[in-house]
Amino acid sequence: MTEPDVLLQVKDVSKSFFDNGKEFKILDLVRFEVTHRDFVCIVGPSGCGKSTLLRIIVGLEEPTSGQVLFEGHPIRADNPQVAMVFQSFALFPWLTVVQNVELGLEALHVDPVKRRAVAQKFIDAVGLTGFENAYPRELSGGMKQRVGIARALAIEPLLLCMDEPFSSLDALTAQNLRDEILQLWSNPDLPPEAVLMVTHSIEEAVYMADRVIVLSSRPGRMVAELEIDLPRPRNRKEPEFYGWVDEIYSLIV
Amino acid sequence: MSNSGEGVGRTGGVTDFHPIAKVSVGQILGLVEAIDEVGGVADVATISQEVDMDLDRLGPILGAAEFLGLVTVEEGDVRITDLSRKLLHANVRERKAIVRDIIDDVPVFRLITDMARKAGRPLSRQEIIDVLSARVGSHQAEDLFKALVYWGRYVELVRYESQSELLTLRTPSK
C-alpha cells in the first residue's frame, strides 16, 4: 500500500448556522483522522455539535468551511463504503427484519438471491436469526437496533458510523449490545474496517474506543485526542478504567 | 436435558413462562454482565444503582434470570451461576444454544411445540390462544403467546408469521 492506512480525514471542519444575519457557530476547526482497524469515539457535552459533525462526515450535511476526505476523495452521501446506525433505529415499520436489512443492498442493485443471502449472513451475525420475518413492532429496542446494525453491515462498508446507538435503550440492553458489537468488531472476517461513534457517555467511549476525541461545548472544538490503551475486554470497575473516565470528565467540565 | 436444574420449570404449571414473559434476552444478559463485573455477587440495591434502574423495572429481569437458572437470589444477594459464566464467554450462536436447552424444557413451551408436531401443520394463533386461555384465562393467554413467539424465535425453534398468524416449528441453523 502506498498510502498509509488513513481511511477518513476530517480537515479543519467548521459549521455555522445563520439566523437573521447572526452567526451561530456549532463546530470550530475540527481535525482528525481515522485509520484502518480504528475504533474512534467522539464524545462531548450535549449541544457540542457532535451529531452534526457525524452528519458532515457521512456527507449528509455540508461544512461551512474545511473538508472531509474518504480514501483521499471528498465524501459523498451515497458512498457505499460508509454506513450509518441511528439512535432512533430508522427502521421501516411495514417491512420485516430481513426486508429492512435488504434495503441498503437494494439501493446498490444487488440481485435478489444474493441480497437475501447477504442479509441472512448479517442477521445471523447480530443474533437475529429466528426473527427474519418479524416486524419492528414485534421486537424489543435492543433487537431493533440490531436490525439497524445488520442493515449497516450488510453493505459491507469500510467505515461504520454510529450516532448515539445505545441512548434509546435501557442500561442493561445497552451494555449487552455494546459487548456484542465489540465481539463483532473483534472478528476480522466481518466488516467494517473502522468505526466512528458519537456518544455523550464518557464511560461508553472509554469502554469501546481505541481513541477518544473530546469536544468542548458549543462551539465544538477539539479539546483532546486520547489513545485508550486498556486491554480488552475492559472492566468498568478497574481503577485504570476510571482514571481515563476522570481525565475526560476534567477535560470537558 | 436441562443443564441448570436451578429454577427451570419449578412450578411445572402452564403459567411457568410468566417470569420471562415481559423481559428481553438482552436485558437478562446485560444483568448477568453487570453482576459479573462487580465480582459475581451483589445485593439488589447495589445492582439497581449500578444499572441505573429502579426496582420496579429491575425486579422482573431478576426474576427472569433466576427462572432461567442464571442467578440465585438469597437474602437479597444476587449471585451468578456457572451457567451464567458459560453464557458470558459464549458467542451469539452458542448463547442461543444454551438458552434453547433451557426454553425447550419449559412445560408450556413443550405443550405448544408438541401440539404443532402432532398436528403436522401450522397452528393458528387462535387455536394456541384457546389452549392457553383454557388454562390461564384469556388476558394472560395473550401475554403468554407473545412470550412463546419471542423466545421461540430467539432460540430458533419457532417460526411465526404475524400476517397470516400461523406458527410453525423450525430447525435451528447450525
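In the predicted model, the side chains of Asp38(A) and Arg211(A) meet in a salt bridge, with an N to O distance of 2.5 Å. Asp38(A) lies in the loop between S2 and strand S3 (39–43) of chain A, and Arg211(A) in strand S9 (residues 211–215) of chain A, so the pair ties together parts that are 173 residues apart in sequence. Both partners fall under the 20% limit for burial, Asp38(A) having a relative accessible area of 7% and Arg211(A) one of 10%. Over all chains, the count of salt bridges comes to 26, and those that share partners join Lys15(A), Arg55(A) and Glu61(A) into one network.

The strands of chain A were examined next. An open sheet of four strands, paired in the antiparallel sense, has the order S2-S1-S4-S5 in chain A, and its edges are formed by strand S2 (22–35) and strand S5 (73–74), each of which pairs on one side only. Within this sheet, strand S1 (residues 6–19) of chain A is joined to the antiparallel S2(A) by 10 bridges, and Phe17(A) stands opposite Phe24(A) of S2(A).

Strand S7 (residues 159–163) of chain A has five of its five residues buried, and is therefore largely enclosed by the rest of the structure. From S7(A), the buried residues Leu159(A), Cys161(A) and Asp163(A) point one way, whereas Leu160(A) and Met162(A), also buried, point the other way. S7(A) pairs in the parallel sense with strand S6 (residues 82–85) of chain A over four bridges, where Val82(A) stands opposite Leu159(A). S7(A) also pairs in the parallel sense with strand S8 (residues 194–199) of chain A, over five bridges, and here Met162(A) stands opposite Met197(A).

Between the two chains, 32 residues of chain B are in contact with 30 residues of chain A. The buried area is about 2,400 Å², of which carbon and sulfur atoms give 47%; on the side of chain B, Glu37(B), Val92(B) and Arg153(B) lose the most area to chain A, together 28% of what that side buries. The count of residue pairs in polar contact between chain B and chain A is 15. Helix H1 (25–37), helix H3 (55–67), helix H5 (92–103), helix H8 (138–154) and strand S5 (158–161) of chain B are the elements that each give two or more residues to the side touching chain A, and H1(B) gives the most, with seven residues. By class, this side of chain B has 12 nonpolar, eight polar and 12 charged residues.

Six salt bridges are found across the interface of chain B and chain A. One of these joins the side chains of Glu180(A) and Arg95(B), at 3.1 Å from N to O. Another pairs Arg170(B) with Glu132(A) at 3.4 Å from N to O, crossing from the segment after strand S6 (166–169) of chain B to the loop between helix H3 (112–125) and helix H4 (141–154) of chain A. Arg170(B), at 14% relative accessibility, counts as buried, as does Glu132(A) at 13%. Glu138(A) forms a salt bridge with Arg153(B), the closest N and O atoms being 3.0 Å apart; because Glu138(A) lies in the loop between H3 and H4 of chain A and Arg153(B) in helix H8 of chain B, the pair joins two chains. In this pair Glu138(A) is partly exposed at 23% relative accessibility, whereas Arg153(B) is buried, with a relative accessible area of 1%.

Key:
Residues numbered from 1 in each chain as written. Chains lettered and ligands numbered in written order. Predicted model: local features only at pLDDT ≥ 70, side-chain atom pairs only at ≥ 80, totals over all residues. Heavy atoms only, no water. Pairing = 2+ DSSP bridges. Contact = heavy atoms within 4.5 Å. Buried area = accessible area lost by both parts, 1.4 Å probe. Salt bridge = Lys/Arg side-chain N within 4 Å of Asp/Glu carboxyl O. Polar contact = N/O pair within 3.5 Å; in protein donor to acceptor, adjacent residues only side chain to side chain. Nonpolar A, V, L, I, M, F, W, Y, C, P; charged D, E, K, R; others polar. Buried < 20%, exposed > 50% of the residue type's maximum accessible area, 1.4 Å probe, protein only.
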